[in-house]
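Please open the structure in your viewer and keep the selection tool at hand. The stops below follow one another, each with something to select.

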Amino acid sequence: MSRLAAKFEELSKSGRKALIPFLTAGDPHPNFTVPMMHAMVEAGVDIIELGVPFSDPMADGPVIQKASERALAHKMSLRKVLNAVAEFRKKDDQTPVVLMGYLNPIEAMGYEDFANAAQRVEIDGVLTVDLPPEEADFCVSLLKERGIDPIFLLAPNSNEERIRKMDAAGSGYIYYVSLKGVTGAGHLNTADVEERLKLIRANTRLPIGIGFGVKDAETAKTVANLGDGVVVGSALISKIEANLDNPEQACSEIVDLLKAMRAAMDE
């Protein structure tokens, strides 16, 4: 059983939902990433999505776009992201880590080289935003052969056939994009999400993480009542953007928000 499957099973047995924060590796500088990951775990998170910075993050709004720009200015690369995970693993071999990003850096590194390197540093899942399941067979097989879960994004307008394709190709969990648009945009319509989840659950065996609109503890609580996991990204990255000259303050504010979300989700 993969670490992700084990985590969702453990949470299900205890009647809890996964808190899944997103952090762009290398933002605001490379030395911030690993300590922030450890602080997130101490704040009560269950899984960490670690963003691989990319120059054209088409699914991301301005907040995460700027985070990628800051990280790239510090020469952050896919290999350096993997090195950061290796450093994190020296103290934490339990928390699942999912790499989230775009296909280009993986293609540039080489699919097999990437899969081998990801296995060495104990990456648990890979979510490639611009790789649809119809084109993912080669990459999926490389990952699954190494015990790494391929994770796919499911859009609000995805039909039953597409949900079943993602269920067949993916593992770990499905990331449901709860609103149309880019990360950090808009507000959740919980009635729409609830209705869509009925269709999704009828066509997948996988846990469902919900993201793209989680901004505060109250939203996290609402989303936790609908899905199996709550993904939060832009709300955290905005704390970094507001404290670029004071990373300690950024870390403190992120921890406070995650603790508030954890408490609200567990009520």
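Begin with helix α3 and select Pro62, Glu69 and Ala73, which are exposed on its other side, exposed meaning over 50% relative accessible area, buried under 20% and partly exposed in between, with a 1.4 Å probe and protein chains only. Helices (H or I, at least four residues) and strands (E, at least two) are DSSP runs, numbered from the N terminus. This is a predicted model, in which local features need pLDDT of at least 70 and side-chain atom pairs count only at pLDDT 80 or more, while totals for chains, interfaces and linings use all residues. Residues are numbered from 1 along each chain as its sequence is written, and side-chain values use heavy atoms, leaving out hydrogens and water.

Next, select Ile64, Ala67, Ser68, Arg70 and Ala71, which are buried in α3. They cover an arc of only 165° around the axis, taken from the directions from the helix axis to the C-beta atoms, and so lie on the same side of α3.

Now select Glu49 and Asp60, listed by UniProt under "active site" in an unreviewed entry; the positions use the numbering given here, feature names are shortened, and annotations may be inferred rather than shown by experiment. Glu49 sits in strand β2 (residues 48-51) and counts as buried, at 0% relative accessibility. Among the residues it touches, leaving aside those up to four places away in sequence, are Phe22, Met100 and Tyr175, contact meaning heavy atoms within 4.5 Å. Asp60 belongs to the loop between β2 and α3 (62-73), and is buried at a relative accessible area of 11%.
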